[in-house]
Amino acid sequence: MQISKDFLKNGEMNEVDLNGKSVLVANVDGKYYAVGNVCHHMRCKLHRGTLAGNIVECPCHGSRFDVTDGKLIGWLKSTSNDLLRALRFFGWAKDLQVFECLLEGDKVNIE
Ligand code: FES
């Protein structure tokens, strides 16, 4: 799918539909990034949360993800690093799918 570069201002994010899949697109310092928009915890949509720099925080229970690479940074608001490691081991806490954003003139192709 293709969006205009003007779709988002710096520091903004929104949802797009990519072949039926909900994708979060974010503009971080003029670069576009796209990751899965559904939090793995209880399926809240991340674009309704907050974006601080390259970190999106889930609006429901505060899990945090890096939009530049989809990495899970923190699972729920109060989870310790030890518990996060255990949850990752069992596959409950996982990273977001990453989609490629290719700049083509004043358009951004999301694949
Ligand atoms: S649904 Fe995202 S942290 Fe709970």
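**Legends to the close-up views**

**View 1. Overall size of the predicted model.** With 111 residues, a compact globule would have a radius of gyration near 13 Å. The protein has 14 Å, which agrees. Along the principal axes, its C-alpha atoms fill a box of roughly 45 × 25 × 20 Å.

**View 2. The run of elements along the chain.** The protein has eleven strands and one helix. From the N terminus on, the order is β-β-β-β-β-β-β-β-α-β-β-β.

View 3. Of the 111 residues in the protein, 23% are buried. A buried residue has 20 or more other C-beta atoms within 10 Å of its own. Take the contacts with a separation of 6 or more: residues 24 or more positions apart account for 38% of them.

View 4. Strand 3 covers residues 21–28, and strand 4 covers residues 31–36. The two run antiparallel. Six bridges join them. Which residue of strand 4 is the bridge partner of N27? The partner is Y32.

Notes. Residues numbered from 1 in each chain as written. Predicted model: local features only at pLDDT ≥ 70, side-chain atom pairs only at ≥ 80, totals over all residues. Helix = DSSP H or I, 4+ residues; strand = E, 2+ residues; numbered from the N terminus. Rg over C-alpha atoms; globule rule 2.2 N^0.38 Å. Buried ≥ 20, exposed ≤ 12 C-beta atoms within 10 Å, placed from the backbone. Contact = placed C-beta atoms within 7 Å. Pairing = 2+ DSSP bridges.
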